Protein chains: 2
Amino acid sequence: MPHEVKILTESDLRGLVKLDREAVDVVERAFLALGTGKVIMPPIMSMAIPQANGEVDVKTAYIPGFDSFAIKVSPGFFDNPKIGLPSLNGLMILFSAKTGLVEALLLDNGYLTDVRTAAAGAVAAKHLAPGNVQTAGVIGTGGQARLQLEAAHLVQPFRNVVVWGRDVEKAEKCAADLAERLGIRAEAVADPRDVVAQSQLVVTTTPSEEPLIRSDWLHPGLHITAMGSDQAGKNEIDPAALVAADLYVCDRLSQCEKLGELRSAVEAGVWKKVPPPELGDLLCGRHPGRTSDDQITICDLTGTGAQDTAIATFAMERARQRGAGAAFMT
Amino acid sequence: MPHEVKILTESDLRGLVKLDREAVDVVERAFLALGTGKVIMPPIMSMAIPQANGEVDVKTAYIPGFDSFAIKVSPGFFDNPKIGLPSLNGLMILFSAKTGLVEALLLDNGYLTDVRTAAAGAVAAKHLAPGNVQTAGVIGTGGQARLQLEAAHLVQPFRNVVVWGRDVEKAEKCAADLAERLGIRAEAVADPRDVVAQSQLVVTTTPSEEPLIRSDWLHPGLHITAMGSDQAGKNEIDPAALVAADLYVCDRLSQCEKLGELRSAVEAGVWKKVPPPELGDLLCGRHPGRTSDDQITICDLTGTGAQDTAIATFAMERARQRGAGAAFMT
């Protein structure tokens with residue numbers, strides 16, 4: 001039966017959804033819903049295509065109370081830069097949670113993923129960073145390095161930024177960009193140890209396969225959000241750090257034990273604790289969060305379909321309000 | 001980076017892709033590729049939404065030699081008919097197999113699934129039915145009952161059709177439609193046993209959860225394609241029949257043992273044979289098919305992502321040739 005489908009391009013979506021407090025609130029609602037146990041979220045569908053040095057992931061989640069659910073498809077084809085194309089692409093499809101009809105095609109080329117990923121970092125910072133963060137550090141110099149600190153700054157308005165990356169020039173450019181965007185002081189440092197030493201909040205944003213942060217660098221009053229590892233094989237944090245911290249929290253246990261920092265800690269044989277809490281458990285009060293400013297906390301983010309459903313539903317609400325996008329009958 | 005995405009509506013797609021020999025050939029290529037072992041096909045992603053009496057399945061596959069791969073999303077929301085909407089919907093998204101860029105959105109509302117499902121039945125009939133099928137029978141009276149016999153008739157031009165359904169009126173309507181579409185004699189019968197007794201080729205197309213065909217109805221020179229069961233809980237064929245047949249073939253073992261007739265046979269404890277061959281194994285000559293006209297064969301079809309990639313790629317080729325569809329920059 002023909003019905004209307006809205007088509008929103010990346011340009012439309014950049015106009016509708018910004019990385020702001022509202023976006024953070026929407027993603028926080030998704031984590032709260034995950035904590036209540038009422039979200040339906042199947043395992044990530046993943047297909048590697050070695051012939052093209054590519055992979056594609058599919059995520060989805062149904063969140064009670066949300067009118068729609070998203071299915072997100074994220075291809076990553078890592079030879080693309082050789083022919084002038086970005087490695088990462090993708091789109092989200094929004095379906096009515098009542099009828100399953102396609103409501104909208106969000107041709108975002110990964111933009112909404114960028115926003116919801118950074119927003120999750122802000123949710124982690126809001127609930128886990130110590131009070132009065134003066135300095136925030138970032139490991140990595142890519143798009144998420146910038147977005148993660150922008151997002152964290154919305155909820156923890158720190159005054160200084162320190163950046164480390166393997167490429168000094170890129171680290172300096174990242175620091176300059178952050179100084180300009182946030183209107184605060186930002187500098188690149190030559191050693192990741194200095195990032196950790198100077199910061200109360202650190203975000204790791206790399207695809208590293210070897211730990212970049214050592215356990216003996218941890219200090220009282222530190223929170224680390226590790227958002228780089230989203231695949232088996234990636235690892236940014238010394239496995240011993242997860243055990244040394246007062247509190248280790250994952251976004252979704254079933255994902256982190258396969259794709260996150262937890263995987264490395266379990267494989268290294270150092271994680272022998274009971275299953276760690278999820279971020280949503282903290283939000284809904286089922287598990288205590290940070291209990292004092294001098295604790296050390298770590299949050300492991302692999303990215304959930306619930307975040308995708310939340311941000312896509314939010315984008316569609318905005319599009320309806322503003323009459324944005326093209327309508328197609330099909 | 002902005003690039004062009006083609007949008008094809010159900011109406012476009014109905015104009016571009018018909019259930020004909022070419023569609024059967026394309027789906028046959030997908031099964032051949034499955035047989036060579038070079039297809040990459042992750043498990044089906046499935047999300048049940050009990051709150052809305054709904055479910056959504058996602059299928060995909062990469063087939064070497066195909067320029068694109070499809071991701072198909074199939075929602076089924078079973079309260080929809082109460083508000084005048086169809087239960088089944090969905091779309092396919094076509095991606096470049098070289099870059100992962102979105103090439104096309106195929107807003108088919110399930111039309112391409114109907115075609116590729118019927119085409120798979122034709123592939124099974126072509127390779128497994130005895131020579132000289134005079135009469136084809138169908139159990140079930142829905143859309144696939146018609147399409148399966150239309151598709152089978154392309155490869156096995158039988159002269160008579162017998163139809164059984166729980167609802168006599170629907171069975172008579174289905175028979176009348178098939179008589180008209182195929183220009184042959186078709187009649188409804190009151191007992192499914194008569195369908196089996198009179199036919200050399202039978203297709204079962206129902207969502208039944210109890211066997212509709214008993215093992216002791218099997219007779220020499222019979223092929224049955226069971227395409228109704230695509231979920232745990234469904235079962236059209238007496239489990240004993242799978243063992244009694246000379247040859248039982250599945251479309252994909254990993255799916256059929258969870259979702260197909262094989263699941264019931266394993267659960268009933270009657271399937272103790274070695275793992276059965278897949279249809280692709282027969283096509284590529286790795287496993288013998290029917291070796292004489294008086295054998296009894298059964299083919300269990302749960303529907304594969306490879307079929308989706310094949311039909312969607314085919315639709316896109318046609319769209320390019322004919323300049324069909326709308327182009328969107330995103």
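This is a predicted model: local features need pLDDT of at least 70, side-chain atom pairs count only at pLDDT 80 or more; totals for chains, interfaces and linings use all residues.
The domain assignment of chain A divides the chain into domain 1, which is made of residues 4-113 together with 306-329, and domain 2, which covers residues 120-304. The C-alpha centres of these two domains of chain A lie 24 Å apart. Where the domains meet, 17 residues of domain 1 of chain A are in contact with 20 residues of domain 2 of chain A. On the domain 1 side of this contact, helix H2 (21-36) and helix H11 (305-322) of chain A each supply at least two residues, and the largest share, nine residues, comes from H2(A). Sorted by class, the residues on this side of domain 1 of chain A comprise 11 nonpolar, three polar and three charged.

From H2(A), the contact involves A:Ala23, A:Val24, A:Val27, A:Glu28 and A:Phe31, while H3(A) contributes A:Val115, A:Arg116, A:Ala119, A:Ala120, A:Ala122 and A:Val123. Nine of the residues in this contact of H2(A) with H3(A) are nonpolar and two are charged, and there are no polar ones.

In chain B, a further helix pair can be described. Helix H2 (residues 21-36) and helix H11 (residues 305-322) of chain B pack with their axes 9 Å apart and at an angle of about 140°, and H2(B) is therefore oblique to H11(B). The crossing of H2(B) and H11(B) is right-handed. The residues of H2(B) that take part are B:Ala23, B:Val26, B:Val27, B:Arg29, B:Ala30, B:Ala33 and B:Leu34, and these meet B:Ala306, B:Gln307, B:Thr309, B:Ala310, B:Ile311 and B:Phe314 of H11(B). In terms of class, this contact of H2(B) with H11(B) has 10 nonpolar residues, two polar residues and one charged residue.

Chain B also contains an open sheet of seven strands with parallel pairing, in which the strands follow the order E9-E8-E7-E10-E11-E13-E12. Strand E9 (185-188) and strand E12 (247-250) of chain B are the edge strands, each of which pairs on one side only. On average, and with direction ignored, neighbouring strands of this sheet are turned by 15° against each other. Helix H4 (residues 143-155) of chain B lies across strand E7 (135-139), E8 and strand E10 (201-204) of chain B, and runs at about 155° to E7(B). Helix H5 (residues 168-182) of chain B packs on the sheet, where H5(B) touches E8 and E9 of chain B and has a direction that makes about 175° with that of E9(B).

The contact between the two chains takes 42 residues from chain A and 42 residues from chain B. On the side of chain A that touches chain B, at least two residues each are supplied by strands E1 (4-9), E2 (45-49), E3 (54-61), E4 (68-77), E5 (91-96) and E6 (102-107) of chain A, and E4(A) gives the most, with five residues. By class, this side of chain A consists of 28 nonpolar, 12 polar and two charged residues.

Terms used. Residues are numbered from 1 along each chain as its sequence is written. Chains are lettered from A and ligands numbered from 1 in the order in which they are written. Two residues are in contact if their C-beta atoms, placed from the backbone, lie within 7 Å. Helices (H or I, at least four residues) and strands (E, at least two) are DSSP runs, numbered from the N terminus. Ala, Val, Leu, Ile, Met, Phe, Trp, Tyr, Cys and Pro count as nonpolar, Asp, Glu, Lys and Arg as charged, and the others, Gly among them, as polar. Axes are lines fitted to C-alpha atoms, for helices over the stretch in contact, and angles run from 0 to 180 degrees between N-to-C directions. Angles under 35 degrees count as roughly parallel, over 145 as roughly antiparallel, 65 to 115 as roughly perpendicular and the rest as oblique. A crossing is left-handed if the near helix is turned anticlockwise from the far one by less than a right angle, and right-handed if clockwise. Domain bounds come from an automatic or database domain assignment. Two strands pair if DSSP finds at least two bridges between them.
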